[in-house]
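Take a look at the model below. We will walk through it step by step.

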Amino acid sequence: MMEDWYFEFIKFVKNLYKKDSVALHEPLFIGNEKKYVLDCIDSTFVSSVGQYVNLIEKKLSEYTNSEYCIMTVNGTSALHVALSLAGVMPDTEVITQPLTFVATCNAISYCGAKPVFVDVDEDTLGMSPKSLKKFLKENCKIYDKKVVNKITGKEISAIVPMHTFGHTCRIDEIVQIAMEFNIPVVEDAAEAMGSFYKNKHAGIFGLMGVLSFNGNKIITSGGGGAIITDNQELAQKAKHISTTAKLPHKWEYYHDEIGYNYRMPNINAALLLGQLENLEKFVKIKRELAKTYKNFFDAIGINFITEPINAKSNYWLNAIMLDSRKERDEFLEFTNSNGVNTRPVWVLMNKLPMYKGCYTFESKTAEYLEDRVVNIPSGVML
Ligand SMILES: Cc1ncc(COP(=O)(O)O)c(C=O)c1O
């Protein structure tokens with residue numbers, strides 16, 4: 001049944017963005033982006049060496065309050081490197097959440113490991129510490145100082161919680177549990193640039209955190225990612241293996257291990273620097289937009305998802321929670337046929353062909369959310 005408020009919503013969004021066709025998210029270049037990119041071209045240092053890459057690493061370390069930052073070509077490669085350095089070996093398992101973007105699980109697979117799934121919390125949309133603890137206590141045993149999944153017989157080599165849509169999960173509790181079991185945490189903070197939990201930036205709670213600067217993120221370098229960490233040794237290794245593991249030398253090409261060509265090009269860093277200068281402004285506008293949406297949805301009795309307790313969210317993607325999958329699908333059909341781009345939350349990872357054979361401990365809340373959560377236009381508007 002077509003609800004009256006669908007029409008109201010379409011009118012509201014088009015009026016908000018002053019457009020007849022509204023995308024889910026679009027990048028905005030209103031600062032020094034062109035200046036820096038042109039400067040980068042003039043310098044000829046457009047590739048993997050250059051001052052903009054070093055500068056953006058320094059600026060991101062400062063902003064996130066992490067000791068080190070290593071830029072990569074995208075968030076997925078950053079996750080890959082971070083997981084390998086955290087010690088994720090082939091034939092092990094990595095605990096993550098079923099409600100995430102596929103890159104989280106793909107990066108686990110690149111290490112030869114398999115994801116195992118614990119549930120998410122309804123209020124944070126991120127990994128549930130309760131489900132994590134229950135899994136580790138009930139389904140795992142300590143064997144030869146290793147935590148082993150009793151069902152599969154595989155070692156648990158890492159935990160990857162994700163900060164969904166920029167809302168932070170209960171990361172301090174997750175890290176605490178992980179420490180009890182001596183398992184490293186790699187935070188997938190790809191969506192959480194500019195988000196804070198208990199006044200600390202997302203991504204700096206675990207051993208390493210990963211950011212993404214894909215074109216759909218709050219700030220973009222076209223494609224790009226970063227690893228943030230306080231661990232000097234890991235930071236040095238991350239830079240080393242993401243730059244083909246080449247030993248520094250004026251002319252000699254000597255590589256001391258299998259590395260990756262994952263270093264962010266200088267030209268992308270130049271673009272990102274221009275974007276980073278406006279991050280605070282973008283977060284402010286997005287938080288205002290979320291307030292406007294909240295008022296609109298409160299008035300019609302629809303559940304608009306707000307930042308969880310203790311979080312200061314970047315509101316990267318705004319989301320609402322509908323009553324059922326049926327209503328969700330009707331709403332998606334109506335809005336997308338009427339010039340307003342909306343989309344459902346991801347199909348759960350444990351339903352995708354390549355991950356459905358992986359062990360799922362709990363996924364009830366994730367399934368509930370999968371049926372109901374819809375993202376609505378969230379681009380920064382002036
Ligand atoms: C949760 C999550 N993890 C990882 C990634 C991967 O980032 P990228 O697209 O930069 O590879 C993204 C975004 O694209 C994401 O949303």
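Predicted model: local features only at pLDDT ≥ 70, side-chain atom pairs only at ≥ 80, totals over all residues.

Residues are numbered from 1 along each chain as its sequence is written, and side-chain values use heavy atoms, leaving out hydrogens and water.

Start with the ligand. Around the ligand are 15 residues, where a residue is near if one of its heavy atoms lies within 4 Å. Gly-75, Thr-76, Asp-188, Glu-191 and Lys-217 come nearest. By class, this shell has four nonpolar, eight polar and three charged residues. Here Ala, Val, Leu, Ile, Met, Phe, Trp, Tyr, Cys and Pro count as nonpolar, Asp, Glu, Lys and Arg as charged, and the others, Gly among them, as polar. Helix 4 (75-86) and helix 5 (102-110) each supply at least two residues of the shell. Helices (H or I, at least four residues) and strands (E, at least two) are DSSP runs, numbered from the N terminus.

Now look at single atoms. An oxygen atom of the ligand lies 2.6 Å from an N or O atom in the side chain of Glu-191. For Ser-212, a side-chain N or O atom is 2.7 Å from a ligand oxygen. Gly-75 uses its backbone: a polar atom there is 2.7 Å from an oxygen of the ligand. How much of the ligand does the protein bury? Taken alone, the ligand exposes 380 Å², and the protein buries 94% of that. These areas come from the Shrake-Rupley method with a 1.4 Å probe.

Next, the strands. Two strands pair if DSSP finds at least two bridges between them. Strand 4 (residues 140-143) and strand 5 (residues 146-149) pair in the antiparallel sense over four bridges. Ile-142 stands opposite Val-147 in strand 5. The two strands form a hairpin with two residues between them. In the turn, Asp-144 has a positive phi of about 55°.

Finally, find the open sheet of three strands, with the order 9-8-13 and antiparallel pairing. Its edge strands are strand 9 (200-201) and strand 13 (311-312), each pairing on one side only. Tyr-197 has Lys-200 in strand 9 as its bridge partner.

Note on methods. Polar contact = N/O pair within 3.5 Å; in protein donor to acceptor, adjacent residues only side chain to side chain.
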